[in-house]
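Dear colleague,

I am passing on the structure below, and I would be glad if you could look it over alongside the notes that follow it.

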Amino acid sequence: MKQPPAIVIQLIHIEGPLKGEIQEFNQPEIFIGRSATCQVCFPKDLAIVSRVHARIVRDGNRFMLMDQSSNGTFVNGKQVKEAILRDGDVLLFAEGGPKVSFLTQTMEGTADVADSVQPAAISIPIAPAPIRVASPPPVPMPPPEQLVGAPQAVSVSPISPSPPPAQHLGDIPIQQVKKPLVVQYGPTLKSYNSLPVTIGSGAQCDFRLNHPAVFERHAQIFYYQEQYWIKDLTGKNLVQINGRGVEDQGVLEPDHRLSLSAQGPDFRFLGGGRLAEIEVVAPEESQTSPHQEGGDASPGSSQGNTIKQIGAMMKKMLKR
């Protein structure tokens with residue numbers, strides 16, 4: 001029997017006094033408010049938030065948000081007294097109050113010895129066909145009279161070692177596996193529980209990007225042999241890892257820079273299936289007047305003022 005999965009809650013603060021922070025919890029109950037006893041503790045002078053404003057309670061593999069405030073708690077813009085939370089839900093504690101994004105990460109428990117021999121429920125790579133090596137012709141034995149004295153050396157050709165496996169494995173079978181992926185792009189933060197995930201500007205894509213350099217079906221992130229991979233769907237070798245084209249597909253390692261094209265957008269792979277947009281600071285940004293800082297960014301632009309509003313969150317994610 002496997003142990004119950006360990007689920008870690010991540011609360012990413014989008015707005016409020018803790019903006020930019022990412023808090024992780026594994027307790028069965030999390031209290032949120034101004035009280036010093038709360039795990040999520042807001043400043044005492046933030047009167048709009050109650051001392052114990054809300055709590056998150058684990059029920060099996062589900063999480064329930066319970067409001068205990070006088071000014072209300074909202075999930076995705078709707079006021080609730082109780083609600084089952086899902087990955088990507090945005091929680092607001094009172095109108096105009098702090099705003100956080102709710103995410104979970106599941107880590108499977110260890111299995112008993114009897115279970116350890118069972119195959120994992122993931123895609124199994126197809127083994128290559130066996131290579132038949134022709135046996136060398138038999139070496140003729142010397143006449144008996146020549147066996148007396150020092151043995152004669154027999155010349156045998158050395159066997160060439162097998163070349164190391166290449167990073168690009170050609171046509172890798174992409175199958176659906178249960179692995180997490182979290183993508184942050186501008187103010188958008190989306191999470192997925194299974195791969196592959198298709199990225200592009202088209203309506204049929206799992207993660208839509210409104211960017212002039214992004215194709216309708218641009219790239220696909222998948223999982224193979226315990227690693228995250230990116231596949232270029234453009235046919236034009238546009239996707240780059242650390243400035244080099246991936247040709248067909250390439251492995252994503254922690255701290256890799258992923259560019260969907262030479263014109264962007266650019267992401268940092270943080271490991272554990274997390275992609276965070278890399279903020280590009282425009283030269284003229286320093287000349288922006290203070291009253292423009294709250295303006296909307298142009299669609300898909302990583303240089304807009306909307307990105308500045310979540311700059312602290314991105315820096316925090318990149319440190320992880």
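A residue is called buried when its relative accessible area is under 20%, exposed when that area is over 50%, and partly exposed in between. Please keep in mind throughout that this is a predicted model.

As background, side chains of opposite charge can pair when their charged atoms come close.

One of the pairs joins R268 to D255, with the closest N and O atoms 3.8 Å apart. Because R268 belongs to strand β22 (residues 266-269) while D255 sits in the loop between β20 and β21 (257-259), this pair ties together parts that are 13 residues apart in sequence. R268 has a relative accessible area of 21%, so by the limits above it counts as partly exposed, whereas D255, at 52%, is exposed.

Another salt bridge is made by the side chains of D248 and K231, at 3.1 Å from N to O. Here the aspartate, D248, is found in the loop between β19 (244-245) and β20 (249-252), and K231 is in strand β17 (residues 227-232), so that parts 17 residues apart in sequence are tied together. The lysine of this pair, K231, is buried, with a relative accessible area of 15%, while D248 is partly exposed at 29%.

The side chains of D67 and K81 also meet in a salt bridge, with an N to O distance of 3.0 Å. This pair links distant parts of the chain, 14 residues apart, since D67 lies in strand β6 (residues 62-67) and K81 in the loop between β8 (78-80) and β9 (82-84). D67 is buried, its relative accessible area being 9%, and K81, on the other hand, is exposed at 52%.

Is S191 buried or exposed? With a relative accessible area of 18%, S191 is buried, because that value falls under the 20% limit. Which residues does S191 touch, once those up to four places away in sequence are left out of the count? The contacts of S191 are then with D87, G88, L103, L181 and V182.

With kind regards

Conventions. Residues are numbered from 1 along each chain as its sequence is written. This is a predicted model: local features need pLDDT of at least 70, side-chain atom pairs count only at pLDDT 80 or more; totals for chains, interfaces and linings use all residues. Side-chain values use heavy atoms; hydrogens and water are left out. Buried means under 20% relative accessible area, exposed over 50%, partly exposed in between (1.4 Å probe, protein chains only). Contact means heavy atoms within 4.5 Å. A salt bridge is a side-chain nitrogen of Lys or Arg within 4 Å of a carboxyl oxygen of Asp or Glu. Helices (H or I, at least four residues) and strands (E, at least two) are DSSP runs, numbered from the N terminus.
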